[in-house]
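Have a look at the sequence and structure first, then we'll go through a sheet and a pair of helices.

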Amino acid sequence: MSAHDTAGDRRRPGGLVPAAVALVATTWVLVWLLTGAHGGLYLGFAGGPVAMGAALAGSRLISRQAHLSGPVRSFWRLLQYASGCLLTAAVVSVLRANNNTGLSPYVGLPMLVGVAILMTAFIRLPFGERTALGWIRALLDGATVAVASTLIFWYVVLDLAPPGTSLVARIAAAVVGVSGVLLLVVIGKAAAAPETPVHPTSLRVLTIAPLVDAAGSTLLIAGGEWGRLALSVLALPLVGVSVAGAAYLQQRAFGNPPAKVTGAAGRSLFNLLPFVAVTATAILVISVSTQDMSSRQRTVIIGAVLIAGFVVARQLLSLRENTVALRGIRRQQAELERLALSDTLTGLPNRTRFAVALGERIVAREPSSALLIDVDDFKMINDTLGPAAGDQLLYQVSQRLREHCRPGELPARLGGDEFAVLLPLDDPAGAEAAAARLLAGIGRPFQVGDQQLLLHASVGIAIAADGETADEVQRNADIAMYAAKESGKASWVRFEPKMRQDLAHHARLSGELHTAIVRGELRLVYQPVFDLHTGLLAGAEALVRWQHPERGFVSPGDFIPAAERSGLIVPLGSWVLREACAQLARWRAEFGDGAVEAINVNVAVRQLRESGFVDEVAAVLSETGLTSQNLILEVTESSVVDGWQVRATLQALHEMGVKLALDDFGTGQSSLSLLRAFPVDVLKLDKSFVDGIAEGADRGRLAVAAAVAQLAEYLQLKVVAEGIENEEQRDRLVEMGYRYGQGYLMAKPLPAQECAKLMAPAPPNPDSDVRPQSRVPSIAS
């Protein structure tokens, strides 16, 4: 996947062409003016409809793009309507092409409606305080500027109009001019807001429109012939360029977070507008007071103006102090936000910041995907190297994520060894490529002190769908991550709705399993282990079965994973241990030496992590009257490498005298070092290797099976072959040196009563004085 494949890097089509068309139209009008080709006014006014048509197209394009947030699309939709009104005014200007003083009402009316719609669009943006007091302040600022600009237009500009100018044309131009000044105030407040959904540069470009409006209205009334003509033909093209250009800038800003205005310069400039209006009015009052007034009257007026000036100066100083104080408060607020939303160890955004960012994108209907990354077997590394080295390793993982994340992607640490990355895309292939890229980055060796460590991670991918919340997306990624771990770790899995159904099924099954343990719906069956040389019973493995009162038989392949996920594997394992030992005690009481010497019980890694498990085993043996030689605990290879706590538990059991069997040998992390470090007594060759050895059908499996037999002989371990289903397999295993085996060829898992029939001692021989031997050679001895 290239660097431009992510949604955050792609630009949606459109936006540039309308801006280019508007700019060309404006350039044409400017060339027309400068060349003095004024013979055909229609040619000069023709640039207005072209530019405003381009502005209409640009704002329409961006208002129809679903990847933008609702407020942004609403803003540009209103600008589309305003552009339509100004386009109407431009068309009327072409039809009435002239250089008369003032503004025709036929042009002024659609222009005024367009300005009103523009003002509505900006008022609806969040700026200032959205409180009653905030609205009152904004209204007072607007009223101050409106009254001042009206007085200036009425007393100064209108009086400068040439004699004979229509009063209606002058008033129309003045009304449009005052509206432009008000629009400038509104745009200024929106552009200076600390946060705005519309790109701030776009807002600043849009200030061209009210500036042109105010200047054009003034020149239409009081300007000379060339100045009047220049603004008549250039005003609407310049407005079209500002709208189309702002739309293009907004388009380019897609995927970037809302900008924050941290400086105070922009805010101060627009906050000064009401004071400028007061100052301009004061100058106007002084100029009026010099006419037809006595000296005492002029003194009173000048004194009042001076007092107003002093008040304005005092307010300006207060404004400056407030600005400095506000800047400091914002710096402190930004630092507090950084501390609250950052992880102290790695500096990455924390769980809260990740959830907020994901939620914001979902609410704004922007493409979003979440990757949940969990370092595999980190607990074992942390237990082995210590917490300090573990923290150093986590920091390096965070740096590796930063290094391999592309622009627009947000890495975060959720806690412990769990990380996340927010992707600005909703493309499954892109999300999977990003997961593979990050896994490859984490898979390179890490240097911790003088050691080089190789890490792997499991990644869950969840793509935000319509109607989902941030919590649901994170939960989906979590489900997918656990699926990746169950599939063998060091991989990624993309969430599918079926996974949630499976999880709900497991949760429901866990609840029913808890009830089944309490109500005694579970039972044990026993898989016999035979001596392959004599065909006699050598042991038995306890297997749990569930007969549901409504569903009937529930497969262990269904309820054992549910028990492991829910933690019920601990009480379930305790029940199996106690029941199996009790059954062996009954057999030994009934058959004496004819019974098997030891019972095999499977133990989950969750049980081995329990601090009281060794005491529990000792208590069960004591209560049932058995010794440690009567119990064989079967553990998987993944259990052995789980961590120091599990290894300590296994060592304590071995020292107690309990036999330990390594189950499903050959399918996990098998190694000679594991056998040397682990106090194993019995190896159980996995059924997958037995399946392929008949008549040498699978030379690879045949080689592994033979190697395991030799390994067990050299290490003086007992070895049991699992899953023997035909005589050819049995014979080949015997040839390799296997003494013990279990499988459907000899017997299926049997109820206790059926298994007991295999333990009956051989009938005595009346012709012999020799005491009959037990039919049960023991695998435990």
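Before we start, one term: two strands count as paired if DSSP finds at least two bridges between them. Keep in mind that this is a predicted model.

**The sheet**

- Five strands make up an open sheet, running β2-β3-β1-β6-β7, with mixed pairing.
- The edge spots go to β2 (410-415) and β7 (492-494); each has a single partner strand, so one side of each lacks a neighbour in the sheet.
- On average, neighbouring strands here are turned by 20 degrees against each other, ignoring direction.

**A closer look at β1 and β3**

- Strand β1 (residues 369-375) pairs with strand β3 (residues 418-423) in the antiparallel sense, over six bridges.
- Within β3, A420 is the residue that stands opposite L372.

**Helices on the sheet**

- Helix α16 (residues 387-404) packs on the sheet and touches β1, β2 and β3. The direction of α16 makes about 10 degrees with that of β3.
- Helix α18 (residues 470-486) also packs on the sheet, touching β1, β2, β3, β6 (457-463) and β7. Its direction makes about 145 degrees with that of β6.

**The α3/α4 pair**

- Helix α3 (residues 47-63) packs against helix α4 (residues 70-95) at about 165 degrees, with the axes 8 Å apart.
- That angle is over 145 degrees, so α3 and α4 are roughly antiparallel to each other.
- Their crossing is left-handed.
- Among the contact residues are M52, L56 and I62 in α3, and W76, L79 and L87 in α4.
- The residues of this contact split into 12 nonpolar, seven polar and three charged.

Key:
Residues numbered from 1 in each chain as written. Predicted model: local features only at pLDDT ≥ 70, side-chain atom pairs only at ≥ 80, totals over all residues. Heavy atoms only, no water. Helix = DSSP H or I, 4+ residues; strand = E, 2+ residues; numbered from the N terminus. Axes fitted to C-alpha atoms, helices over the stretch in contact; angles between N-to-C directions. Contact = heavy atoms within 4.5 Å. Parallel < 35°, antiparallel > 145°, perpendicular 65-115°, else oblique. Left-handed = near helix turned anticlockwise from the far one by under 90°. Nonpolar A, V, L, I, M, F, W, Y, C, P; charged D, E, K, R; others polar.
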